[in-house]
Amino acid sequence: MSAEPPVPETSVLAVASHVVSGNVGNKIAVFVLQSMGCDVAALNTVQFSNHTGYKQWKGTRVSAQEITDLWDGLKQSYLDSFEMMLSGYVPGAAAVEAVGNIGKELRDKANAGKPGSFFWVLDPVMGDNGRLYVAEDVVPAYKSLIPYADLILPNQFEAELLSGVKISDFASLKHAIQVLHQDFGVPHIVITSVSMPLLDSSSSSSSSSPSSDKPRSMSVIGSTMTSDRRPRLFRISFPVFDCYFSGTGDMFAALMVARMREAVFAFDKQNGVDGTLGDKRSWLSGDDVDALDLPLARAAEKVLASMHEVLERTCQSMTLEMAGKQDDKSVDEKTLHLLRSRAAELKLVRHLSCLRDPTIEYRAERI
């Protein structure tokens, strides 16, 4: 593993939940981003003892006013200069609006000087698998915000909520992305978990071989829009582990912040220019750049490589930790769930090489 951080020096404002014990929200984002060489300021939107997957927790959510007050406190001490912003779980529509005001303010400041000097990655945390786990008024709050973001990271259900398009096949998926580009002006989109079959394709991993026991797979679908807001689509497929994890979306989002920054710098270096793409608002590649050569595609490949390695190690650790407990008749169902939840916490601290220098197995495909 290289001693040098893989990402250029970058200041990031991370707005998400916080837990005392475990790995979700900003607990993941801060560690991942600092491990990649970023300077991170954390604005926590909740303070919980543990994540809600345990089905019991203590703690509080911050109000919209508290978010605004914290931001005002940063500004009064000249601590409000950030090159990137990551926003994750925010409790309630008013709080979403308060976080949005921060993003808009940083965007306006960049537009007045160097448009490419600020990039906002927005994870619109609202629900999954057809179920909302926020209040219904959070959906329109996010819809009003996404035109100001540079990259959004919805799962399939959240992409449906934002676009108003029910995704059931490839045509409807493409239409949903087109709506987000065309109607909302979102420059970059990655749909983080697409479960239905989209296209027949060969294996995404050059190192894999055909097998009748091939594990279930999912895909991420990415797109960077052209100057006339047409999608440039790519897909990365990857195997799914037969384990339950919390915090995977938070890890994906944090890694995308770092890897997108890295990919844009690499693109400019490779093309013999100094800051050309990095100076543009939203880091939008020219229309002549193929989908597979987009910084977004290069970033997503590295993100999924890290994700796969961390999840593999977490799954191995969980199997060892739960050995014998599953069949222990003296352990009641509630205690077993709590033990399972603890064993499923993402194993990050001892696996820095997975974050900084993963082996890329799953490559982007044009669709």
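Modeller: In this predicted model, the buried residues of helix 5, which spans residues 156-163, pack against strand 6 (127-128), strand 7 (131-132), helix 4 (138-145), strand 8, helix 6 (170-182) and strand 9. Helix 5 is mostly covered, with seven of its eight residues buried, and these are Gln156, Phe157, Glu158, Ala159, Glu160, Leu162 and Ser163. At the start of helix 5, a side-chain oxygen of Asn155 comes to within 3.1 Å of the backbone nitrogen of Phe157, while after the helix comes Gly164, whose phi is positive, near 75 degrees.

Two of the neighbours of helix 5, strand 8 and strand 9, also belong to an open sheet of ten strands, whose order is 3-2-1-4-5-8-9-10-11-12 and whose pairing is mixed. The edges of this sheet are strand 3 (59-61) and strand 12 (365-366), each of which pairs on one side only. Strand 9 (residues 188-194) runs antiparallel to strand 10 (residues 217-224), and five bridges join the two; Ile189 stands opposite Ser223 in strand 10. Helix 7 (residues 248-270) packs on the sheet as well, touching strand 1 (10-19), strand 4 (84-87), strand 5 (119-122), strand 8 (151-152), strand 9 and strand 10, and its direction makes about 165 degrees with that of strand 4.

Thr45 counts as buried because its relative accessibility is 0%. A polar atom of the Thr45 side chain lies 3.3 Å from the backbone nitrogen of Ser17, and, when neighbours within four places in sequence are left aside, the residues in contact with Thr45 are Val15, Ala16, Ser17, Arg61, Val62, Ile67, Tyr89, Val90 and Pro91.

Ala16, one of those contacts of Thr45, also takes part in lining the largest cavity. The structure holds two cavities of 30 Å³ or more, and about 60 Å³ of space lies in the largest. The lining of the largest cavity is made up of Ala16, Gly25, Asn26, Ala29, Leu86, Ser87, Gly88, Asp123, Asp250, Ala253 and Ala254. Helix 1 (25-35), strand 4 and helix 7 are the elements that give two or more residues to this lining, and helix 7 is also the helix described above as touching strand 8 and strand 9, against which the buried residues of helix 5 pack.

Key. Residues numbered from 1 in each chain as written. Predicted model: local features only at pLDDT ≥ 70, side-chain atom pairs only at ≥ 80, totals over all residues. Heavy atoms only, no water. Pairing = 2+ DSSP bridges. Helix = DSSP H or I, 4+ residues; strand = E, 2+ residues; numbered from the N terminus. Contact = heavy atoms within 4.5 Å. Axes fitted to C-alpha atoms, helices over the stretch in contact; angles between N-to-C directions. Buried < 20%, exposed > 50% of the residue type's maximum accessible area, 1.4 Å probe, protein only. Polar contact = N/O pair within 3.5 Å; in protein donor to acceptor, adjacent residues only side chain to side chain. 1 Å grid on protein atoms, 1.4 Å probe; cavity = no way out; pocket = protein on both sides within 12 Å on 5 of 7 lines; lining within 4 Å. Points joined across faces, edges and corners; volume = space filled by probe spheres on them.
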